[in-house]
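Me: I should like to learn how to read the features of a protein model, one at a time. Please give the general idea in each instance, and then the case at hand.

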Amino acid sequence: MLQPMEALRRLWIAGLAALVACADGPVRQGGTDVLLVGVDGLDPVVVGELIQEGRLPNFARFANEGVLGALETQRPTFSPVLWTTIATGQGSAEHGVVDFIEASSGMPFTSESRQVPALWNLVSDAGLRVDVAGWWVTWPAEPVNGRLAASYAAQAQAHVLWKSAYVSDYEGQTFPPRLFDELRPLITFASEPGPLLEELWRSFPKPDDQSPLTRRLVTDLAWTLSADRSFEAIGRHFLANDPGELVLVYLSLPDVAGHRFWRYYRPQDFPYPVPERELARFGDYLRLAYEDVDRALGRLMEAAGEDRAVVLVSDHGMTFDPEGRTDPDAITSGHHRSGESGLFGALGAPFTHRPYEPGSRRALGNILGVAPLVLRLLGLERPDHWPAVRHGNGLEEWLDPTWAAAQPARAGPHSDAAWRAQNPRRAPRAPSEEANELFLDALHGLGYLGGEPRTASGDEASDPDAQR
Ligand SMILES: [Zn+2]
C-alpha cells in the first residue's frame, strides 16, 4: 500500500510528466523497461573460465541466450571516472569527474561536481521513472523521478578503501530523504560486524590464521560485501515495489577480490613462490567472489522478471599488478592499470543471441555506448553530441534486427548547458563533520576479526591509486 504522502508525490510527478509530454509531444516511443547492473572489475577471461566450469549459471544465461563479451574501457581506470562515463555517455573531460579526489578541495568528487546530466536525470526529465542503488558519485542524492540510494565514499574512506558502504545515517543518502527509513532494514551496515561476518563466511571459507595480511585482506572483502549486500537488497526492493522503467544497481566485490587476491588466483603471474598455506587459504577466494556476484545477479534478474531487458556492464577487467609484482607482502596483487577490458552482457527480447567466445578479449563495444543503448532501449532520444551517437555505437549491433527496425535510434538536442545552469557545480563537501570518525570506528569494528586494521596512517593510504 502506498502511504498517502507517497501517493500524492507520485500524482504530482505523474502530473509533471504529463505536462512534459504535452509540451514536447510523446517523449517515449515504444521501448522496454531496463535493469542496468554495474559490476566493478569483472574480467572477461576469468568469467569465461568460470562459465566453462559451470560456476556462473547466471552469467551463462547471457552467454547462452543473449550477448556476453568484452567491453573496451577508457583510461585512467578510476572507478568514479568510469562509472560516471558509463552513466553520462560522455568522457571525463566533459563530465568533469576526473579522479577520486578533486584537486583544489582534496575531497572526493560528489554528484554536485558532475557537469552533465546522467541517465537518472535524462530519464526523469523525459517523464519516465528511475531507481538507482549505489552508483558511484551519486552523493548527495539528486532529485529524480523515482528513488535514489546514494552512498558517500567518505573522505576517510577515500584514504582507506575505495568502495562505497553504508556507515551511518548521513544526510543526502537517499532521494526522497524519507526513503532512507524504508531502506534502513535492508542495509548491511559495515559498522555492525556480527551479521556482516556471518554473511561473509557463507560465501568464503574462514581463514585459519590471524596475520596482519590476512586480517587486512578479509576486512577489505567484508567491507565490500556489506555494500554489495545492501545495494542488491535495495535494488530488489525497488524491482519488487512499483519499479521505474529504468533500475540501476552497482556491485563491486569482483574488483576488490581481484585487487587483493590475484596472486592466489594466478600465482604463476608472480616471480616469487606464493606460500602453499596461503594458496590453500585464499586460492579460491577470487572465484568465490565471482560466484557470489553471480548469485546476486540471479536474484536481481528474478526480481526484475522476464519482461525487463537486462544490461550487464563492468568498467574494466583485471590482471596482475605490475607495480607490486615482486613484493610478496604487497596488499594489492591485481590491478587494471593498462585499461584491461571490462564485460558487457545483454539479455531479453530486444537483443539477438551472439555465439559466446569464452574468455575472448575482443571488445563488443565501448563503455561510452552504454548510456545511449539504455536510452534507446527505453524508447528515448539520445543527445546528438554523445560520441557513441555521433560516431556509431558498437553495442547496438547486438540488438535483435526486428526489434531494432521497430525502434529506430532517435537523436535529439542535448541539454548539457541547460542542465548545468539548473545544477551549478559545487565544490566537494563531506556529509557530516564526524564522517571520518564514524568510518574509522566501523573499520575498527571489523578489526575484531583480530588486531588493528590498517587505517589512514598507512603509507599506501595517501595514494588511492596505490590501492585501486
Ligand atoms: Zn579496481
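Me: What share of the contacts with a separation of 6 or more joins residues 24 or more positions apart?

Reply: Two residues are in contact if their C-beta atoms, placed from the backbone, lie within 7 Å. In this protein chain, residues 24 or more positions apart make up 76% of the contacts with a separation of 6 or more. The model is predicted: local features need pLDDT of at least 70, side-chain atom pairs count only at pLDDT 80 or more, and totals for chains, interfaces and linings use all residues. Residues are numbered from 1 along each chain as its sequence is written.

Me: What is the mean pLDDT of the protein chain, and over which residues is the pLDDT below 50?

Reply: The pLDDT is the predictor's confidence in each residue, from 0 to 100. Where it is low, the predicted coordinates should not be read in detail. The mean for the protein chain is 85, with 82% of its residues at 70 or more. Over residues 1-23 the pLDDT is below 50, and this stretch has nine contacts in the model beyond near neighbours in sequence. Residues 445-468 also have pLDDT below 50, with 49 such contacts.

Me: How many helices and strands does the protein chain have?

Reply: Helices (H or I, at least four residues) and strands (E, at least two) are DSSP runs, numbered from the N terminus. The protein chain has 19 helices and 15 strands.

Me: Which residues have the most contacts inside the largest nonpolar core?

Reply: In soluble globular proteins, nonpolar side chains tend to be buried together. A residue is buried if 20 or more other C-beta atoms lie within 10 Å of its own, exposed if 12 or fewer, and partly exposed in between, with C-beta atoms placed from the backbone. A nonpolar core is a set of buried Ala, Val, Leu, Ile, Met, Phe, Trp, Tyr and Cys residues joined through C-beta atoms within 7 Å. Of the 468 residues here, 52% count as buried. The largest nonpolar core has 116 residues, and L246, V311 and V374 have the most contacts inside it. Not counting residues up to four places away in sequence, V374 touches V34, L36, L119, L246 and V311.

Me: Is S333 buried or exposed?

Reply: S333 is buried, because 25 other C-beta atoms lie within 10 Å. Its place is in the loop between β10 (319-320) and β11 (334-335). Beyond residues up to four places away in sequence, S333 touches W262, R263, F320, D321 and G324. By contrast, A409, in the loop between α16 (401-406) and β15 (411-412), is partly exposed, with 16 other C-beta atoms within 10 Å.

Me: At what angle do α9 and α10 pack?

Reply: Two packed helices are described by the angle between their axes and the distance between the axes. Axes are lines fitted to C-alpha atoms, for helices over the stretch in contact, and angles run from 0 to 180 degrees between N-to-C directions. Helix α9 (residues 193-203) and helix α10 (residues 212-240) pack at about 95 degrees, with axes 10 Å apart. They are therefore roughly perpendicular (angles under 35 degrees count as roughly parallel, over 145 as roughly antiparallel, 65 to 115 as roughly perpendicular and the rest as oblique). L196, L197, E199 and L200 of α9 meet L221, A222, L225, S226 and R229 of α10.

Me: Which elements do the buried residues of α2 pack against?

Reply: In helix α2 (residues 44-52), P44, V46, V47, G48, L50 and I51 are buried. The buried residues of α2 pack against α3, β2 (67-72), α13 and β12 (342-347).
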